[in-house]
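Subject: A structure for you to look at

Hi,

Here is the structure I promised to pass on. Please open it alongside this message.

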Amino acid sequence: KQQPSLPLSSDAHPSVSKINSVIGDVNKAKGTLIAVLMGVNNNETCRHLSCVLTGLIADLDALDVCGHPEIRNYRKEVVEEINRLQKYLDLEEEADSTYAYDLAQNGSIIKIEEIRNNMKEVKGSLLKIEKASDLYLKSKTELQGLIAQLDEISPGNNPCIREARRRAVIEVQTLITYTDLKEALLKQQTFVEQTETETDVSSQKAIWNILGNAAQIQQEVLSFDGNRTDKNYMRLEELLTKQLLALDAIDPQDERSKVFRKQAVKLAQNILYYLDMKTDEWEY
């Protein structure tokens with residue numbers, strides 16, 4: 001690099017002493033930058049140093065060097081040196097910003113992916129069992145712990161991280177809903193088998209039957225790994241729509257049945273929403 005000329009004598013012009021003072025400040029800024037890049041100085045940032053250099057250029061621009069070409073050239077050399085350093089700082093700041101938004105390296109995204117991998121392990125175990133209430137409880141406890149971990153992740157101002165966390169929460173909540181539904185169906189079946197009586201009114205019995213179908217469909221949805229052009233996607237979407245139509249056709253015979261049907265409709269809609277989310281081809 002071309003270095004500024006040797007400091008001129010302050011006697012040459014009143015502006016020379018100010019230019020020499022600026023050179024000293026520029027050298028200090030260089031030393032501070034080296035310390036920042038080496039991790040020695042954590043109290044400074046490239047952005048702050050850039051502001052300092054901008055102020056030094058403003059000071060130089062304010063000097064009156066008219067009629068003194070040698071002093072004007074001297075000032076020009078110092079300004080060019082500051083601009084080179086400023087350009088380097090801008091590149092460093094841009095690199096820091098890029099790193100912050102490089103989702104492959106982002107700490108929050110890495111944590112979300114770790115949680116999703118744990119969730120997939122729990123899902124794999126859940127989809128293999130049929131009548132194991134103890135395993136349902138254990139899995140549900142693990143899933144609730146994953147929700148708590150996701151709540152601790154701060155997306156900052158990054159919309160991609162915010163969306164990634166939201167989708168991960170929905171994935172875990174869908175599994176929790178699945179375990180709740182399987183538990184409820186198991187308890188209902190056990191109760192009927194033990195009492196050998198049908199205490200539910202006909203509308204409630206119909207809703208339980210639809211929920212049984214919904215649980216089987218949800219299990220397929222959880223396992224589904226295709227896109228919206230797959231025939232299996234269209235089949236699952238059609239099956240869920242049929243469950244919603246079947247629920248709509250039920251005439252609640254009392255207030256309890258009305259609330260029960262409303263809950264069943266919401267569950268079927270959530271399964272359908274989850275199927276759509278899995279196949280919308282969203283990426284980081």
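Below is what I found in it, starting with the whole chain and then moving to a few places.

Before you start, please note that this is a predicted model, in which local features need pLDDT of at least 70, side-chain atom pairs count only at pLDDT 80 or more, and totals for chains, interfaces and linings use all residues. Residues are numbered from 1 along each chain as its sequence is written, and side-chain values use heavy atoms, with hydrogens and water left out.

**The chain**

The chain has 9 helices and 0 strands (DSSP runs numbered from the N terminus: H or I of at least four residues for helices, E of at least two for strands). Of its 284 residues, 37% are buried, meaning under 20% relative accessible area with a 1.4 Å probe and protein chains only, while exposed is over 50% and partly exposed in between. Among contacts (heavy atoms within 4.5 Å) with a separation of 6 or more, 75% join residues 24 or more positions apart.

**Helices α8 and α9**

Helix α8 (residues 231-248) and helix α9 (residues 255-278) have axes that come within 10 Å and cross at roughly 165 degrees. Those axes are lines fitted to C-alpha atoms over the stretch in contact, with angles from 0 to 180 degrees between N-to-C directions. This makes α8 roughly antiparallel to α9 (over 145 degrees; under 35 is roughly parallel, 65 to 115 roughly perpendicular and the rest oblique). On the α8 side, the residues that meet α9 include Tyr233, Leu236 and Leu240, and their partners in α9 include Ala264, Ile271 and Leu275. The residues of this contact divide into 11 nonpolar, 1 polar and 4 charged (Ala, Val, Leu, Ile, Met, Phe, Trp, Tyr, Cys and Pro count as nonpolar, Asp, Glu, Lys and Arg as charged, and the others, Gly among them, as polar).

**An aromatic pair**

The structure holds 2 aromatic pairs. One of them joins Phe224 and Tyr233 in a tilted arrangement, 6.4 Å centre to centre with 40 degrees between the planes. Rings of Phe, Tyr and Trp (its six-membered ring) pair if their centres lie within 6.5 Å, with planes under 30 degrees apart called stacked, over 60 edge-to-face and the rest tilted. Both Phe224 and Tyr233 are buried.

**Leu222**

Leu222 lies in helix α7 (residues 202-223) and counts as buried because its relative accessibility is 2%. Leaving aside neighbours within four places in sequence, Leu222 is in contact with residues including Lys123, Tyr178 and Tyr274.

Happy exploring!
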